[in-house]
Amino acid sequence: MEKCKRNATQVAYLAVAEMNESIALNETRSPVPWIQASNQNYSLELSSKLPIFIINPWDIMLCISGTIIACENAIVVAIIFYTPNLRTPMFVLIGSLATADLLAGVGLILNFVFQYVIQSETISLITVGFLVASFTASVSSLLAITVDRYLSLYNALTYYSEKTALCIHMMLIITWGVSLCLGLLPVLGWNCLEDYSSCSIVRPLTKSNVTLLSASFFVIFILMLHLYIKICKIVCRHAHQIALQQHFLTASHYVATKKGVSTLAIILGTFGASWLPFAIYCVVGDSRYPAVYTYATLLPATYNSMINPIIYAYRNQEIQRSMWVLFCGCFQSKVSFRSRSPSDV
């Protein structure tokens, strides 16, 4: 009898021990609804004290840069579009450059909005492709303008012929056709969304994609350098011949030559200083490197689109006259303007 009582006590003790362990385990897992609600409210309270998201200052600077770029180039596009006199090949190319830079500025703004408002891989691909196409068209338009300036000096007598107009239109078709194709590559599948190991410093572009873009830039830069060296030689030779026809070399000859060469140096130097760091980093950089390096080289590249309208448009006196008409509603005859040719640098 005592033995049965002892066994019953042991069984009851084990049952109580198992029950205590079960209660302790359940409290650890918090399966009870009110405990879960309490934990959730506590976590929500903590999260409400923290910011919903943090905006990268670099993205803000890129957005500001895009806004300035869009405003500057929108004015140039409007002036060329609404002025019938600005239909020469030179102004068509300037309009192409301004349009490309305008689209690039809009792309930077959209990239900021979609990055923090609408987060989608599809939209990210479209935005990146849009930026690639816009900046490619901008750089290619700069090359086309350089070719146009060279032709205006090398073939000065036949520059205003139909052959030149046909050449300019062909350059525009090639420029925008190639830019559109390069912009569509990420959208059509040349991206690293399925293989993150192949990503470049500019996600979602692959390493091979940015290498192709960088190689294209280096080719364009070398061609522009070669053409501007030839332009410098032609300008110096023409100035020297004009001075010899007057039987003496005046001080103005050296001043004009120096001014032309310095202007060309500023144009090419600005272009190289803006884009070369980013193009080089695209080749040597890796996706594992800190993102600050990408931002630090990309931001100066956007400045080139900010400077382009100042160099190629606002310095032109025909555009200055059109700006007087557009913003003042009248033309002030006291201000003297002289028609410029593409060779004026």
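Tutor: A helix here is a DSSP run of H or I with at least four residues, a strand is a run of E with at least two, and numbering starts from the N terminus. This is a predicted model, in which local features need pLDDT of at least 70, side-chain atom pairs count only at pLDDT 80 or more, and totals for chains, interfaces and linings use all residues. Residues are numbered from 1 along each chain as its sequence is written, and side-chain values use heavy atoms, with hydrogens and water left out.

Student: Which pattern does the protein chain follow along the sequence?

Tutor: Count the elements. The protein chain has 10 helices and zero strands. Read in order, the pattern is α-α-α-α-α-α-α-α-α-α.

Student: What percentage of the residues in the protein chain is buried?

Tutor: Buried means under 20% relative accessible area, exposed over 50%, and partly exposed in between, using a 1.4 Å probe and protein chains only. Of the 345 residues in the protein chain, the buried share is 39%.

Student: T136 is found in helix α5. Is T136 buried or exposed?

Tutor: Contact means heavy atoms within 4.5 Å. Beyond its neighbours within four places in sequence, T136 contacts S179, L182 and L213. Its side chain also reaches the backbone oxygen of V132 at 2.5 Å. The relative accessibility of T136 is 16%, so T136 counts as buried.

Student: How many aromatic pairs does the structure hold?

Tutor: Rings of Phe, Tyr and Trp (its six-membered ring) pair if their centres lie within 6.5 Å; planes under 30 degrees apart are stacked, over 60 edge-to-face, and the rest tilted. The count is 12.

Student: Y150 and Y154 form a stacked pair, 5.4 Å centre to centre with 15 degrees between the planes. Why are they separated by about one helical turn?

Tutor: Y150 is buried at 14% relative accessible area, whereas Y154 is exposed at 53%. They are about one turn apart because they sit four residues apart in helix α5.

Student: F217 and F221 are stacked too, 6.1 Å centre to centre and 25 degrees between the planes. Which helix holds both?

Tutor: Both are buried. F271 touches both, along with V139, L142, M224 and N304, not counting residues up to four places away in sequence. F217 and F221 lie four residues apart, about one turn, in helix α7.

How values were computed: Polar contact = N/O pair within 3.5 Å; in protein donor to acceptor, adjacent residues only side chain to side chain.
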